[in-house]
Amino acid sequence: MKGIFIEGSFFLSRQIVSCIFPLSFFFLLYLSHHVSVFDLHRYDFIFLGAVALQIALVLFRIETPRDLGLVCIFHVIGLALELYKTSPGIGSWSYPEEGFFKIGVVPLYSGFMYASVASYIIQSWKALKFTLNGFPKAVFTIPFAVAIYLNFFTRHYIPDMRWLIIPMVLVIFWKTKISFFSYKNERAVPLTVYFLIIGFLIYLAENISTYFGAWKYPYQLDHWTFVAPHKVTSWFLLVIISFLIIASVKMREGKQKIDFASAPPTRIL
């Protein structure tokens, strides 16, 4: 029992450390409701605070310049999606408040919300010493990530393909496991389970974010209510995009073990 407690505490502490940017971003959202700095618009306060956080992570060597480059990629990917989803013809959600640091109707801080997902994966990869076993080759993963991303755009004009894409996740990653160290033990879980857990946790974080007014869905304009449960699938798919991009970088670096052949003889949770 003591060993389980120690291992659980170790795992939880590593998760909290890995969430340093997402948790700090939540704190910014909270502060934006209670702090007024030089009469800044709330959206601008969040953006400048997020930039300061990102600089601090690099200065304190929590993130490397390479990590920052990856985070910036996700910032751009997320911002492009935001511009499309908030356009007048789509209107999936909105940012109803004023701000200076905006592109169109989209505040620049919105890209940091996607970047925070990447930051978490990067940090947890290092903290828990991830290895991938039975991972599909890039000839499968890269086109698949592109298809997932494009579906977020095309679903407004052609049928939503996510109900075909999600079963394909099980096919492509059916033998892939992600191994990690939890205290003195090496553990492993199916990669699809990892995607689902992180996607669900982000969905919970999305509810907190909309409660703090980070953005609003049409059904939240008059009063806050829980985000529609089907959004879990959106985050599930966005986690896959994020993970595949980061994994491809790790493969090029050659610093992390990624086995394309078979799964290891580690214990399955």
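F200 sits in helix α8, residues 191-211 (helices are DSSP runs of H or I with at least four residues, strands runs of E with at least two, numbered from the N terminus). The model is predicted: local features need pLDDT of at least 70 and side-chain atom pairs count only at pLDDT 80 or more, while totals for chains, interfaces and linings use all residues. Residues are numbered from 1 along each chain as its sequence is written, and side-chain values use heavy atoms, without hydrogens and water.

F200 is partly exposed because its relative accessibility is 40% (buried means under 20%, exposed over 50%, partly exposed in between, with a 1.4 Å probe and protein chains only). Together with V193, I197, L201 and L204, F200 makes a nonpolar surface patch of about 420 Å². Patch residues have over 30% relative accessible area and no salt bridge, and nonpolar side chains are joined within 5 Å; a salt bridge places a side-chain nitrogen of Lys or Arg within 4 Å of a carboxyl oxygen of Asp or Glu.

## Positive phi in two loops

R61, not a glycine, has a positive phi of about 60 degrees. R61 lies in the loop between α3 (42-59) and α4 (65-85) and counts as exposed because its relative accessibility is 76%.

K129, also a residue other than glycine, has a positive phi near 55 degrees. The loop holding K129 runs between α5 (110-127) and β3 (131-133). At 55% relative accessibility, K129 is exposed.

Methods: Patch = residues over 30% accessible without salt bridge, like charges linked within 9 Å, V, L, I, M, F, W, Y side chains within 5 Å. Areas by Shrake-Rupley, 256 points an atom, 1.4 Å probe, with all protein chains shown as cover.
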